[in-house]
Amino acid sequence: ALDPFAAFDGLAAPAAPSAFAPTKLTTADFGGRWGPAKHERKRECPAPPGASLASLAAKLARVGAAEVEAIPATQELIAAGTHAASSTCVLWHLKLLPSRSVLVT
């Protein structure tokens, strides 16, 4: 008899499609889009243990954002993606704060 659960390994679920597609922008392009942006939301949240600009960029990449620039001197990261459902360009600005939190705009 066929085993209906043979394909299920118990550990891996199929990856959900990302809501964003990476958008490659230069820093100048990012800045040009940031100023006239119509919507902005700021949130401060706890930084993951051992957070760095590289680890934050990797987390954003998992949701479909492309790193535009990391600025170590100011602990800032900018990234961009295109929202799949609306084709709207979404811009992220993250700043690692001395309090070990992240300001996300």
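**Figure 1. Cys-45 and Cys-89 in the predicted model.** Cys-45 counts as partly exposed, at 32% relative accessibility. Cys-89 is also partly exposed, and its relative accessible area is 26%. The structure shown is a predicted model. A search of the whole of this structure for disulfides finds zero.

**Figure 2. Overview of the chain and its secondary structure.** The chain has 105 residues, of which 27% are buried. Its secondary structure comes to two helices and six strands. Read along the sequence, these elements follow the pattern β-α-β-α-β-β-β-β. Contacts between residues at least 6 apart in sequence were also examined, and 53% of these join residues at least 24 apart.

**Figure 3. The largest nonpolar core.** This core has 13 residues. Those with the most contacts inside the core are Leu-56, Leu-60, Leu-77, Trp-92, Leu-94, Leu-96 and Val-102. Two or more residues come from each of α2 (53–63), β4 (76–83) and β5. Helix α2 gives the most, with four residues. A second, separate core has six residues, among them Leu-25, Phe-30, Val-68 and Leu-91. In soluble globular proteins, nonpolar side chains tend to be buried together.

**Figure 4. Surroundings of Leu-94.** Neighbours within four places in sequence are left aside in this view. Leu-94 is in contact with Leu-56 and Leu-60, and also with Gln-75, Glu-76 and Leu-77. Further contacts of Leu-94 are with Val-102, Leu-103 and Val-104. Leu-56, Leu-60, Leu-77 and Val-102 are, like Leu-94, among the residues with the most contacts inside the largest nonpolar core.

Figure 5. Ala-54 itself is exposed, because its relative accessible area of 57% is over the 50% cut-off. Pro-72 is 18 residues from Ala-54 in sequence, and the two C-alpha atoms are 10.0 Å apart in space.

**Figure 6. Glu-69 on strand β3.** Glu-69 is found in strand β3, which covers residues 66–71. With a relative accessible area of 28%, Glu-69 is partly exposed. Leaving aside neighbours within four places in sequence, Glu-69 is in contact with Thr-27, Glu-76, Leu-77 and Ile-78. Thr-27 and Glu-69 are 42 residues apart along the chain, and their C-alpha atoms are separated by 6.6 Å.

**Figure 7. The largest pocket and its lining.** The volume of this pocket is about 530 Å³. It is lined by 15 residues, and Ala-37, His-39, Glu-40, Val-90 and Leu-91 are the closest to its centre. Strand β5 (residues 89–96) gives the most to the lining, with four residues. By type, the lining divides into eight nonpolar, three polar and four charged residues.

**Figure 8. Thr-105 in the segment after β6.** Strand β6 covers residues 101–104, and Thr-105 is found in the segment after this strand. Thr-105 is buried, because its relative accessible area of 11% is under the 20% cut-off.

How values were computed: Residues numbered from 1 in each chain as written. Predicted model: local features only at pLDDT ≥ 70, side-chain atom pairs only at ≥ 80, totals over all residues. Heavy atoms only, no water. 1 Å grid on protein atoms, 1.4 Å probe; cavity = no way out; pocket = protein on both sides within 12 Å on 5 of 7 lines; lining within 4 Å. Points joined across faces, edges and corners; volume = space filled by probe spheres on them. Nonpolar A, V, L, I, M, F, W, Y, C, P; charged D, E, K, R; others polar. Buried < 20%, exposed > 50% of the residue type's maximum accessible area, 1.4 Å probe, protein only. Disulfide = S-S within 2.5 Å. Core = buried A, V, L, I, M, F, W, Y, C linked by side-chain atoms within 4.5 Å. Contact = heavy atoms within 4.5 Å.
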